[in-house]
Amino acid sequence: MEFGYPPSAEALRAEVRAFLAERPPDTWPHDAMDGGYGTGAYSFQFLRALGTKGWIGLTWPRRFGGAERPMIDQLALMEELALAGAPFGPLAGSDQWAQSLIREGNATLQADLLPRIAAGEALAWQGYSEPDAGSDLLALTTRASRDGDEYRIDGRKIWSSEAGACTHGMVLARTTSATEAGSRAGGLTMFVVPNDTPGLTLRPIVSLTGEVYHYEAFLDDVRVPAWRVMGRPDEGFRELLKGLDRDRFWGRFCKPPALVRLLRLLREHAATTPDPEGDGTAPLLARPGAAHRLVELEAEVAGTRLLFHRFGHLLDQGIPTPYESALYKTMADELGQRVANAALDLLGPDVLLGGAGAPLGGAMRQLYLTSVGQTIAGGTSEVLRTTVATRGLGLPRS
Ligand SMILES: Cc1cc2nc3c(=O)[nH]c(=O)nc-3n(C[C@H](O)[C@H](O)[C@H](O)COP(=O)(O)OP(=O)(O)OC[C@H]3O[C@@H](n4cnc5c(N)ncnc54)[C@H](O)[C@@H]3O)c2cc1C
C-alpha cells in the first residue's frame with residue numbers, strides 16, 4: 001500500500017519547500033527555546049512570515065479570517081516544516097488556541113485575538129499545573145471570584161511552557177467550590193489573562209539545557225473583565241477535556257518527522273566519522289549492531305508517523321478517540337528518548353557538549369535533554385498507561 005498526500009497538500013508542500021529554500025531555517029533568529037516537540041525553537045520573525053503566507057489560519061473558517069483548507073493540508077505544512085528543522089515552535093499551539101476560541105470564545109475575545117493570532121502577534125501559555133496539582137489537576141487551589149463586571153484571580157501556577165515569550169495566559173481557576181458544584185470537575189473557569197495585567201508575575205525556571213523554558217506564574221489580585229472568560233463560567237475543565245485529544249495530537253504530530261530529520265543527521269554522521277574505538281578507518285556505522293539499531297529506530301519512526309496520520313484522520317472525521325491520544329503521545333515521547341539514547345551510545349558522552357562546535361550542531365544534545373521532560377508534559381506516561389488500560393483495553397481501574 002502506498003500512502004501519499006492528495007494534490008492540494010502536495011502543492012502546498014512544494015510551496016513550503018520553495019519558501020524554506022528562499023530563506024533557510026538556520027537564518028531566522030530564535031526568541032525562545034526548542035522544547036523538543038519537533039517544532040523547533042520560537043522565532044517570531046518566522047511565525048510572522050508564516051502569518052503573511054496565510055499559513056497560521058490555514059484551516060480556520062473564512063468568516064474568522066482563515067483559508068478553510070482541509071486538515072490534511074495542515075498536516076503537510078507541519079510535516080514539511082519539521083522535516084526541514086524550521087523554527088516554528090508556537091505554530092501548533094497558536095492554531096489550537098485559535099480553534100478553541102472559534103469553538104468556545106465569545107465574540108469580543110474572537111475579535112480581539114483571532115486577527116492577532118493569524119498575524120503571529122498573539123500567543124498563549126497554559127496555566128493549569130500548580131505546585132500541588134499536576135496529574136491530579138483537579139486539586140488546583142487558584143481561586144477566582146466575581147466582583148461586578150470583573151473577576152479577581154489569586155493563586156500560583158507552575159511549569160507553564162514559554163509563558164514569558166507569550167502574550168496571554170490561559171489560566172484555570174476555581175470559581176465555585178467542588179461541594180457546591182457537585183463534583184471536583186465542576187466549578188472551574190478558564191480565563192484569558194494578558195501578560196501585562198497588573199498582579200501577574202512570571203518567574204523563569206532554567207531547564208536542563210541551561211535555557212529558560214518553564215515559568216512560574218504568581219497571580220496576586222489579578223483583575224480581568226468578565227468577557228475574558230473562555231467558554232462558560234464553571235465549565236472550564238469540561239472544555240479543557242474536549243480539547244485535550246487535539247492538544248496531544250498537535251503537540252506530538254511533528255515528533256516523527258523531526259525524528260526522521262535527526263536520524264538522517266545521525267546516520268550521515270555515523271557513516272562519515274571514523275570510529276575512535278576501531279582501527280581508525282572504519283566508520284562508526286560499521287560498529288557491530290550500529291546499523292541495525294538505526295534501521296530499527298527508522299522503522300519505528302515511520303510506523304509512529306502513520307499512527308499519527310490515522311489519529312489525525314479520526315479527529316478530522318469526528319470519530320471518538322478514547323485512548324489514542326494517550327497511546328500515541330506516550331509512544332512518540334518514549335521513541336524520542338530511544339533515539340536520543342542511541343545517539344549517546346553511538347557517539348559517546350561528547351554528544352552532550354553544547355556551544356559552538358558541539359557535535360551535530362547540538363541537535364542530539366537538545367533532543368536528549370528535552371526528551372526527559374516529554375514523558376511528563378501533557379500527562380505522564382504512567383498516568384496515560386492507565387488511560388490506555390481502562391479506556392482502551394477496558395481493564396478495571398484497580
Ligand atoms: C516539558 C514540560 C512542559 C510542561 N508544560 C506545561 C504547561 O505549559 N502548562 C502546565 O500547566 N503544565 C505544564 N507542565 C506540567 C505537567 O503537566 C505536569 O508536570 C504533569 O501533569 C505531572 O504533574 P506533576 O509534575 O505535579 O507530577 P505528579 O503528578 O506529582 O507525579 C509524580 C509522579 O507520580 C506519578 N503519578 C502521579 N499520579 C499517578 C497515578 N494516578 N498513577 C500512577 N502514577 C502516578 C507520575 O507519573 C510521576 O511519575 C509541563 C511539564 C513538562 C515536564
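**Before you start**

Residues are numbered from 1 along each chain, as its sequence is written. This is a predicted model: local features need pLDDT of at least 70, side-chain atom pairs count only at pLDDT 80 or more, and totals for chains, interfaces and linings use all residues.

**Stop 1: the domains**

Colour 7–122 as domain 1, 125–234 as domain 2 and 254–392 as domain 3. These bounds come from an automatic or database domain assignment. The centres of domain 1 and domain 2, taken over C-alpha atoms, are 25 Å apart. Eleven residues of domain 1 are in contact with 13 residues of domain 2. Contact means that the C-beta atoms of two residues, placed from the backbone, lie within 7 Å. On the domain 1 side of this contact there are five nonpolar, four polar and two charged residues. Ala, Val, Leu, Ile, Met, Phe, Trp, Tyr, Cys and Pro count as nonpolar; Asp, Glu, Lys and Arg count as charged; the others, Gly among them, count as polar.

**Stop 2: the ligand**

Select the 18 residues around the ligand; Gly-134, Ser-135, Gly-373, Ala-377 and Thr-380 come nearest. A residue is near if its C-beta atom, placed from the backbone, lies within 6 Å of the molecule or strand. Elements giving two or more residues to this shell are β1 (124–127), β3 (150–161) and α12 (381–392). Helices (H or I, at least four residues) and strands (E, at least two) are DSSP runs, numbered from the N terminus. By class, the shell has six nonpolar, eleven polar and one charged residues. Domain 2 and domain 3 each supply at least three residues to the shell.

**Stop 3: α9 and α10**

Now show α9 (residues 290–316) and α10 (residues 324–347), which pack at an angle of about 160° with axes 10 Å apart. Axes are lines fitted to C-alpha atoms, for helices over the stretch in contact; angles run from 0 to 180 degrees between N-to-C directions. That angle makes α9 roughly antiparallel to α10. Angles under 35 degrees count as roughly parallel, over 145 as roughly antiparallel, 65 to 115 as roughly perpendicular and the rest as oblique. Among the α9 residues that meet α10 are Leu-297, Phe-308 and Phe-311; the α10 side includes Tyr-328, Met-331 and Leu-335. The contact divides into 14 nonpolar, one polar and four charged residues.

**Stop 4: α10 and α12**

A crossing is left-handed if the near helix is turned anticlockwise from the far one by less than a right angle, and right-handed if clockwise. Select Asp-333 and Glu-334, among the α10 residues in the contact, and Arg-385, one of those in α12. Four nonpolar, four polar and four charged residues make up this contact.

**Stop 5: α1 and α3**

Finish with α1 (residues 7–22) and α3 (residues 71–84), whose axes come within 9 Å and cross at roughly 30°. The two helices are therefore roughly parallel to each other. α1 passes α3 in a right-handed crossing. Contact residues include Leu-12 and Val-16 of α1, and Leu-77 and Leu-81 of α3.
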